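This report describes selected features of the structure shown below.

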Amino acid sequence: AGLGANTTDIAIYPKLDTDHAGEKLTGKKQYVLHLDSVPPVLENGFWSFTVYGDDDFLIGNALGRYCINDRSSCKYNEDGSLDIIISREAPADGTDNWLPIGEDGFHLFLRIYYPDMDALAAWSAPVISPSAK
């Protein structure tokens, strides 16, 4: 989707609009996006997860946060994995790993700039699952 200006050695943009069970993503649920490890990038590379509404626009929110990336001050799990909470309401345990959404459908773009294509071949892509609120 959109204009393709970068070749895959510069950037890749996987899109996700369903959960691990194939159900359409909706603001009526809370989700956990679990990464066993962050996307592999080459020197000067970076990654980000950005959420968009079904209208393909950023979703306004009181926190003013539209993405979680390698520069975000996320709290990583003890094993080095990362859980990003995607929900309408802020998690009770803080907003460090929170990516706000609206009430309607949405989709995520993972942007990987300067991807390490060799490491990417063995990398486990993240899984998004509904969670208990």
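In which sense do strand S3 and S9 pair, and over how many bridges? Strand S3 (residues 30-35) and S9 pair in the antiparallel sense over 5 bridges.

## Basis of the description

The model is predicted: local features need pLDDT of at least 70 and side-chain atom pairs count only at pLDDT 80 or more, whereas totals for chains, interfaces and linings use all residues. Residues are numbered from 1 along each chain as its sequence is written, and side-chain values use heavy atoms, with hydrogens and water left out.

## The four-stranded sheet

An open sheet of 4 strands runs in the order S7-S6-S3-S9, with mixed pairing. Its edge strands, each pairing on one side only, are strand S7 (98-100) and strand S9 (127-131). Neighbouring strands of this sheet are turned by 25° against each other on average, direction ignored. Strands are DSSP runs (E, at least two residues), numbered from the N terminus, and two strands pair if DSSP finds at least two bridges between them. The angles run from 0 to 180 degrees between N-to-C directions, with axes as lines fitted to C-alpha atoms.

Strand S3 pairs with S6 in the antiparallel sense over 5 bridges. Val32 has Ile85 as its bridge partner in S6, and it stands opposite Ser129 in S9. Leu33 stands opposite Ile84 in S6. On the other pairing of S6 (residues 82-87), the sense with S7 is parallel, over 3 bridges; here Ile86 has Leu99 as its bridge partner in S7. Strand S6 is largely enclosed by the rest of the structure, because 5 of its 6 residues are buried. Buried means under 20% relative accessible area, exposed over 50%, and partly exposed in between (1.4 Å probe, protein chains only).

## Aromatic pairs between S4 and S8

A search of the whole structure finds 5 aromatic pairs. The rings of Phe46 and Tyr113 form a stacked pair, because their centres are 4.6 Å apart and their planes lie at 20°. Phe46 belongs to strand S4 (residues 41-53) and Tyr113 to strand S8 (residues 106-115), so this pair ties together parts that are 67 residues apart in sequence. Tyr52 and Phe109 form an edge-to-face pair, at 5.9 Å centre to centre and with 80° between the planes. Tyr52 lies in strand S4 and Phe109 in strand S8, so this pair links parts 57 residues apart in sequence. Rings of Phe, Tyr and Trp (its six-membered ring) pair if their centres lie within 6.5 Å; planes under 30 degrees apart count as stacked, over 60 as edge-to-face and the rest as tilted.

Tyr52 and Phe109 are both buried, whereas Phe46 is partly exposed, with a relative accessible area of 24%. Phe46 also forms one aromatic cluster with Tyr13 and Tyr113. Arg71 lies over the face of Phe46, at 4.7 Å from the ring centre. For such an arrangement, NZ of Lys or CZ of Arg must be within 6 Å of the ring centre and within 35 degrees of the ring normal.

## Asn69 in strand S5

Asn69 lies in strand S5 (residues 67-69) and is buried, at a relative accessible area of 16%. Its side chain reaches the backbone nitrogen of Arg71 at 2.8 Å. Leaving aside neighbours within four places in sequence, Asn69 is in contact (heavy atoms within 4.5 Å) with Trp47 and Ser48.

Gly102 is placed in the loop between S7 and S8 and is partly exposed, with a relative accessible area of 23%. Apart from neighbours within four places in sequence, Gly102 is in contact with Gly27, Ile59 and Arg88. The C-alpha atoms of Gly102 and Asp118 are separated by 36 Å, the two residues being 16 residues apart along the chain.

Asp56, in the loop between S4 and S5, has a positive phi of about 70° although it is not a glycine. Asp56 is partly exposed, with a relative accessible area of 49%. Tyr114, in strand S8, likewise has a positive phi, near 55°, in a residue other than glycine. Tyr114 counts as partly exposed, at 36% relative accessibility.

Note on methods: Polar contact = N/O pair within 3.5 Å; in protein donor to acceptor, adjacent residues only side chain to side chain.
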